[in-house]
Amino acid sequence: MEARGEGAGRGDGRLMRLSSDSLTARIGEIVHRREFIASVAASAPLALACDRQARRAPGGLKLSVTCDMFQGSERRLPVDTIDRTDPRPDPDVKYTPDEGLALAKSLGYDGFEMFDWRDDRERSAYADAMRKHGLEAVCITANKGVQAPGCSLTDPDEREGFLREIADASSVAAEFACQRLVVLTGPEREGVSRAEQMDSCVAGLKEAVPILEQAGTTIVVEPINTLVTRPGFFLAGAREGFEMLRQVDSHRVKLLFDIYHVQVTDGDLILQIRNNIDLIGHFQIGDHPGRMQPGTGEINHRNVFRAIYELQEAGKFDGYAGLEYHPSVPLPQTMAEVRQLSTFS
């Protein structure tokens, strides 16, 4: 980390906080919702635990799929191909939440992730589809977009907004029995030292821990590469992300290890995974270059999946790997191929 610049930390004195009463009330609401979910889980038609155990391919990773892959031309995921053209053979094909989760279930997937919970219609549709097909809601995004307007971690003056988003997202997560909140640091602040911004990120994550503890949720912080996808984003690499998490020092705050983003920024995938698995809460999948399906780029996904599977079998990881890319083949084909690629017996 670079040296701490002049004036570092001065934002703390200006910081607006959530009042103690309002934060306590919000946490109480979250806990109440989560307790209600737990109280009806035994009789709920989802029967998630048993159903997932029955469907999971023997000797394989737990797989999820990002809902953006069902969106067709309305997709929100940036296109990272070299010429910025959409590589999908059927970009106009859109799956409804019911169709998307039915497809995932039929191919041996255990979960789905990253639907837009702020859109009431989309949120309701995925809730219905989840109940119907018995998949797990693996993670939702806490920030309002990658740029995290008004709720970034890099700016201490936006701390109150960040904590409010964590509380609101935790409340929604309770409705879906979802345990993970994806957090984006937001953009790098011009004229502010990297050390000062890192300190702000660490402080914000530490302040979120009491909300997470009460709600039973975990933050997974996602680095996003700045070379291809998001120039100007603050947290670009896993190495710096792991350092951030060590400073936070909470089992409620982990890293989202996106294989695509980490390959672009850091490389050294398998060693980073093995050496830091205690700090990883979720994986996402995509090849480089192009952010397309495994097998189109330079990453040996079979070997990376095997490393994760070995850690899973050793009891060191019990999370998911989620598909998040633009396939150059039909979606059912690539989902089936990844299921096979991540199965070892």
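This is a predicted model: local features need pLDDT of at least 70, side-chain atom pairs count only at pLDDT 80 or more; totals for chains, interfaces and linings use all residues.
## Charged pairs

Let's start with charge. Side chains of opposite charge can pair when their charged atoms come close. In this structure, you can find 24 salt bridges.

Take arginine 76 and glutamate 122: they form a salt bridge whose closest N and O atoms sit 3.4 Å apart. This pair ties together distant parts of the chain, 46 residues apart. Arginine 76 is in the loop between strand E1 (63–66) and helix H4 (97–106), while glutamate 122 belongs to helix H5 (residues 120–133). Are the two partners buried or exposed? Arginine 76 has a relative accessible area of 44%, so it counts as partly exposed. Glutamate 122 is at 12%, which is under the 20% cut-off, so it counts as buried.

## Two more links across the chain

Next up is aspartate 266, which makes a salt bridge with arginine 239, with 3.6 Å between the closest N and O atoms. Here, too, distant parts of the chain are linked, with the partners 27 residues apart. Look for aspartate 266 in the loop between helix H9 (259–265) and helix H10 (269–276), and for arginine 239 in helix H8 (residues 238–248). Arginine 239 is partly exposed, at 42% relative accessibility.

Then there's arginine 274, paired with glutamate 310; their closest N and O atoms are 3.9 Å apart. Arginine 274 has a relative accessible area of 45%, and glutamate 310 has one of 41%. Both values lie between 20% and 50%, so arginine 274 and glutamate 310 are partly exposed.

Some salt bridges also share partners: Asp80, Arg84, Asp258, Arg291 and Glu324 are joined that way into one network.

## How H4 and H5 pack

Now for the helices. Two packed helices are described by the angle between their axes and the distance between the axes. For H4 and H5, the angle is about 35 degrees and the axes are 9 Å apart. Their crossing is right-handed.

Which residues make the contact? From H4 come Pro97, Asp98, Leu101, Ala102 and Lys105. H5 brings Ala125, Tyr126, Ala129, Met130, Lys132 and His133. Sorted by class, the contact of H4 with H5 has seven nonpolar residues, one polar residue and three charged ones.

Definitions and conventions: Residues are numbered from 1 along each chain as its sequence is written. Side-chain values use heavy atoms; hydrogens and water are left out. A salt bridge is a side-chain nitrogen of Lys or Arg within 4 Å of a carboxyl oxygen of Asp or Glu. Helices (H or I, at least four residues) and strands (E, at least two) are DSSP runs, numbered from the N terminus. Buried means under 20% relative accessible area, exposed over 50%, partly exposed in between (1.4 Å probe, protein chains only). Axes are lines fitted to C-alpha atoms, for helices over the stretch in contact, and angles run from 0 to 180 degrees between N-to-C directions. A crossing is left-handed if the near helix is turned anticlockwise from the far one by less than a right angle, and right-handed if clockwise. Contact means heavy atoms within 4.5 Å. Ala, Val, Leu, Ile, Met, Phe, Trp, Tyr, Cys and Pro count as nonpolar, Asp, Glu, Lys and Arg as charged, and the others, Gly among them, as polar.
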